Amino acid sequence: MSRRYDSRTTIFSPEGRLYQVEYAMEAISNAGAALGILAKDGVILIAEKKITSKLLDTKAVGVRREKMYKLDDHVCCAVAGLTADANILINMCRLAAQRYLFAYQEPMPLEQLVRSVCDTKQGYTQYGGQRPFGVSLLYAGWDEHYGFQLYQSDPSGNYGGWKAVAIGAGNQAANNLLKSDYKEDLTIAEALPLIIKVLAKTMDTSLSPDKVELTTLTKDGDKVQFKIYEADEMKPLLDAANEAKAADAALATDEEQATSQVVLGGEDAAVFSVEQQSTNSWVLFTALLTGVLGLIYVVWIQPGTGLASDYVAGLEQLSNANPEVSIILILAIFALFHSGAAGLRPQGEAIIGARAYRVLFALGSLPLAIVAIVYFINHRYDGTPLWDLRDVAGVHAAVWVLNFISFYFLYPSTFNILEVAAVDKPKLHMWETGIMRITRHPQMVGQAVWCLAHTLWIGNSFMIVTSAGLMAHHLFGCWHGDRRLKAKYGDAFDAVASRTSTMPFQAIWEGRQVLPPDYYKEFLRVPYATITVLTLGAYLLHPVMQSASFYLHW
């Protein structure tokens with residue numbers, strides 16, 4: 001999709017994105033890292049030099065400093081990205097600062113300087129024939145208005161003030177470390193070991209003076225001091241950081257060997273990050289869900305005009321109004337469509353695309369599933385009574401607990417609900433964590449627990465027949481699901497299958513599944529919380545569901 005919209009910076013994609021700006025940011029993510037920390041008595045900038053060679057003349061103009069630049073007597077900066085682009089912006093900054101000094105006879109306020117350059121950068125994203133600057137800058141400075149300040153700007157023209165920030169390669173890991181280790185009221189002396197430690201942990205190699213540039217901006221009386229550390233000044237600090245990094249790596253290796261934790265071959269299930277969510281995606285999901293359910297009601301459910309009444313009547317005519325035969329026919333048709341469409345998914349997606357195929361799949365499966373649910377609710381007590389344990393003490397509680405547990409296994413679709421609605425591009429996932437550690441086929445296990453609970457409570461022949469039909473479909477689904485995952489993932493699926501099992505807990509007691517020490521955290525995630533809320537809601541809404549089903553007279 002992006003190929004049609006990424007040739008110009010002035011064209012938005014349908015998702016509201018400017019791809020050329022994103023590509024510029026990606027170029028920065030591959031450049032040498034740069035970090036900044038705002039201390040109470042100054043600002044520290046440190047950066048990784050990518051160009052290192054014994055043949056370089058480090059005393060030549062333009063070579064000695066690759067990452068750090070002085071913009072004015074009170075401002076300096078570090079860059080990450082294309083150095084040639086950075087040179088243009090640095091000259092703009094210097095020119096703007098000197099013009100302001102000439103006009104007003106005082107240093108230019110730092111934020112005003114940053115904003116003036118960012119205005120130019122934004123212009124390069126708005127007019128044709130230009131490309132964004134492939135560089136991000138960290139500005140460190142002092143002015144009489146706000147004291148010491150640290151700003152960061154990116155190719156889009158956005159900028160912001162920071163207490164600590166990282167740009168360039170490994171910026172996400174560096175920012176996470178800064179979040180956890182940064183403290184208010186740090187001094188320059190306290191911040192120096194921290195910023196060097198963070199850079200060391202984000203670099204693939206050990207630190208050395210020829211790979212690092214380090215600058216501090218402080219104030220001595222009324223004069224702002226701009227200091228670039230020389231090799232002999234940096235070496236003791238860098239050596240200490242390298243030793244600490246080596247010690248941490250050794251400790252991590254020992255812990256990994258102690259826990260014998262297996263590297264995942266499948267995906268981490270139920271991961272949900274609020275920061276990565278798009279409001280537009282969830283608005284679209286809500287709109288699609290409302291629209292599809294409305295369409296299904298009008299075309300399929302609505303009494304008098306919906307097609308479902310004729311569908312159910314036709315099946316009852318075939319079964320001579322025998323509810324047990326009717327439910328088997330309903331479940332068989334659903335299973336044939338649901339599993340058949342899943343099996344034909346690769347061919348269907350190749351013809352009409354993943355999203356379109358998922359929409360057709362849902363428009364067929366949902367109406368058939370609704371018929372099965374409503375017919376079951378209306379006829380669950382129509383069979384031959386076999387036992388009645390409903391008045392036995394503890395049975396109601398046991399049935400409710402079993403039913404509650406079953407929903408944790410039944411609905412792993414909450415792991416990728418935006419894909420279920422085709423808002424995100426649907427994928428065939430191979431999950432390996434959370435409920436998957438217990439069983440590779442949680443829906444089959446959940447259906448078995450649900451059938452056990454309802455058979456115990458209802459106790460008649462209709463429930464036994466219904467349970468047999470449901471379990472036959474889900475047991476087939478175990479084989480069918482493994483076949484599809486094997487066809488897509490090959491050896492990776494074999495590795496996951498060797499560490500998991502169809503029978504609950506079998507892989508764990510056989511020692512094939514090694515649980516991590518913090519396994520419980522895999523359940524403390526939004527999708528599992530959603531299942532909890534929906535299960536409790538379904539229990540409380542049982543009377544409403546029954547009334548709605550009786551209203552349809554299926």
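Biologist: How many helices and strands make up the secondary structure of the protein chain?

Modeller: This is a predicted model, in which local features need pLDDT of at least 70 and side-chain atom pairs count only at pLDDT 80 or more, while totals for chains, interfaces and linings use all residues. Residues are numbered from 1 along each chain as its sequence is written, and side-chain values use heavy atoms, with hydrogens and water left out. Helices (H or I, at least four residues) and strands (E, at least two) are DSSP runs, numbered from the N terminus. The secondary structure of the protein chain comes to 19 helices and 10 strands.

Biologist: What percentage of the residues of the protein chain count as buried?

Modeller: Buried means under 20% relative accessible area, exposed means over 50%, and partly exposed lies in between (1.4 Å probe, protein chains only). The protein chain has 554 residues, and the buried part comes to 43%.

Biologist: How many residues of strand β1 are buried?

Modeller: In a regular strand the side chains alternate between the two faces of the sheet. One side of β1 carries Ala34, Gly36 and Leu38, the other carries Leu35, Ile37 and Ala39, and both faces are covered. For β1, which spans residues 34–39, the count of buried residues is therefore six of six.

Biologist: Which residue of β8 stands opposite Ala34?

Modeller: Two strands pair if DSSP finds at least two bridges between them. Strand β1 runs antiparallel to β2 (residues 42–48) with six bridges, and a hairpin of two residues joins β1 to β2. Four bridges also join β1 to β8 (residues 164–167), again antiparallel. In β2 the residue opposite Ile37 is Ile44, and in β8 the residue opposite Ala34 is Ile167.

Biologist: Which residue forms a salt bridge with Lys163?

Modeller: A salt bridge is a side-chain nitrogen of Lys or Arg within 4 Å of a carboxyl oxygen of Asp or Glu, and the count comes to 13. Lys163 is partly exposed, at 43% relative accessible area. The closest N and O atoms are 2.4 Å apart in the salt bridge of Lys163 with Glu184. Lys163 lies in the loop between β7 (159–161) and β8, so parts 21 residues apart in sequence are tied together through the loop between α4 (171–181) and α5 (188–202), the place of Glu184.

Biologist: How many residues apart are Arg437 and Glu522?

Modeller: Arg437 and Glu522 form a salt bridge, with 2.9 Å between the closest N and O atoms. Arg437 is in the loop between α13 (417–420) and α14 (442–458), Glu522 is in the loop between α17 (506–509) and α18 (526–540), and this link between distant parts of the chain has a separation of 85 residues.

Biologist: How far apart are the C-alpha atoms of Arg380 and Asn460?

Modeller: Arg380 is placed in the loop between α11 (354–379) and α12 (395–410), and it counts as buried because its relative accessibility is 14%. Not counting residues up to four places away in sequence, Arg380 touches Ile458, Asn460, Phe462, Gln546 and Phe550. Arg380 and Asn460 are 80 residues apart along the chain, yet their C-alpha atoms are separated by 8.4 Å.

Conventions
Contact means heavy atoms within 4.5 Å.
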